[in-house]
Amino acid sequence: ASRTVLADAHFTLAKLLEEQGNNSESLRHNKLAFYYSKGSLPGLQVKQTSVGYDDNSLKELALEQQYGTSFYNARAEEFLTEGQLFLGLEYLQVARLLAPNSPEALIRVADVLEKLAISYDKLKRVEILYQRAIQKDPNFVESYTKLAMIETEQYNFAEAFSLLSRAASVVGIEGIDSFVGGGCRDKLVASNTVKDEYKVYLALGKHFFKRENFVCAAAFLKEARSASPVNSEIFYYYGKLTELYKADALVEASTYYYQSFTFDTSNYEALAGWARLKTKLLEKNYAIKYVRALLANEPNNANLFWVLGEIYSENQEYLRAVTYYRKAIDYNSMLSKFRISLGRALSAIGQTEQAIMEFTYAATADRRNGVGYFEAAQLQTINKKYQDAEFSVKALIKATPNYPGSHRLLSEIYQFSGNKEGAIAEMVIETNNNPQNTRFALELSEIYMKYQKYELAVEVLQRITNLPGETKAPEYR
């Protein structure tokens, strides 16, 4: 943390203590404010007669670490709530220095860095902090679950599941490996309902949802809901799961989304899910009125404009959707998910060049929107701009090396551009990255046959003669 931040923190604390009549502690913090600011804070000038400035005593005082952590955390929370992530991070760094053995202090720093990590390389630093937190306290559950979610986001499923299994052991959930191996249809050996149990179940539910293993996702989310019955995120995933996996259950899914939003009114993904399903259920006008009522209280809320755009996109009114997506971007250009939605709406009305620009901008601005590179490459391939498409896919692979379908798309681009060996090599990588996805293996065999490599085609087909169960071989996304 910078000396300026430290000086500000101590000076502010000194004023608060003085107002409370705690003059001795106020004097101590004024000394520290002077030490860190090198006497440059204007408010300290009036304190000069009462503050001693002996350099050695100030250094000794600055090294004392038995106070201040809660104050720095509180100041950090103020800045983070206001969206000032960099300032909040500096205060969290101070709290971390004051509590060097606290895994929670490390995790709070890592959480903010994860939000700021727009590239894959910067994400590595976050992973290192979570790993250090595990080393400091192997029984601190959040270290495992948060690192597992990063690995899941990067499609490193084996490493993610290993971390979640360890987290389950910490809270006393037994038999996770055998439960998953049995298709998640048996009963789990539950823990004694320890404090962080629901966090592990929720992380496992999200992990298997990402893997498109909906049976296991449902099983773990059910356990999470039992342990934490009013959790917004749990209900949001219940909504997604019901919408995708359960036939003729749009009303039920919309109810889950709505409950999720009522539990946390900042969960705009849940509000958008509810509004979309209301539109599908022919209640578009009701959804619009509801969102507009929210806008009346928060007229500058970019997320609410985005939700309106989602309603009109769902109703295939793409021109109107574009208008609201652009309003959302006007109010908050930092949330690049708005540009993904805008790109899709522009693509739907045939403005592919603008759509490609929006997809690319969104993906470049935030690694979480790697799908932007994918969708840009798809449009570039359709437009026969194969070099541009190759560049987009390679950018995606650099950001998310295991993104499903990325090497397949690159293989397709190479086939169109006449790069036979490149087409084969990329499809081999895709197949190896997704060994349980038989569709990729079939496509690899077709490419071999296309290029008259029949023995290799036969070899691939022989490997998938005994097909795995449906839950282990989901259709590729």
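A residue is called buried when its relative accessible area is under 20%, exposed when that area is over 50%, and partly exposed in between (1.4 Å probe, protein chains only). By this definition, 49% of the 477 residues of the protein count as buried. The structure is a predicted model, in which local features need pLDDT of at least 70, side-chain atom pairs count only at pLDDT 80 or more, and totals for chains, interfaces and linings use all residues. Residues are numbered from 1 along each chain as its sequence is written, and side-chain values use heavy atoms, with hydrogens and water left out.

**Overall architecture**

The secondary structure consists of 26 helices and zero strands; helices (H or I, at least four residues) and strands (E, at least two) are DSSP runs, numbered from the N terminus. Among contacts (heavy atoms within 4.5 Å) with a separation of 6 or more, 52% join residues 24 or more positions apart. The accessible surface, computed by the Shrake-Rupley method with a 1.4 Å probe, where for residues only the protein chains shown count as cover, comes to about 24000 Å², and 50% of it belongs to carbon and sulfur atoms.

**Helix 2**

Helix 2 covers residues 23-37, which makes 15 residues. From its first C-alpha to its last it reaches 21 Å, close to the expected 21 Å; the expected span is 1.5 Å times one less than the number of residues. Its buried residues include His-29, Leu-32, Phe-34, Tyr-35 and Tyr-36.

**Salt bridges**

A salt bridge is a side-chain nitrogen of Lys or Arg within 4 Å of a carboxyl oxygen of Asp or Glu.

| Pair | N to O distance |
|---|---|
| Glu-142 and Lys-199 | 2.9 Å |
| Glu-317 and Lys-284 | 2.8 Å |
| Lys-394 and Glu-390 | 2.8 Å |

Glu-142 lies in helix 8 (residues 141-153) and Lys-199 in helix 11 (residues 197-210), so this pair ties together parts that are 57 residues apart in sequence. Glu-142 counts as partly exposed because its relative accessibility is 22%, and Lys-199 is partly exposed at 23%.

Lys-394 and Glu-390, in contrast, both belong to helix 22 (residues 386-399), four residues apart, or about one turn of the helix. Lys-394 is partly exposed at 42%, as is Glu-390 at 22%.

Elsewhere, Glu-114, Glu-153, Asp-366, Arg-367 and Arg-368 are linked in a network of salt bridges.
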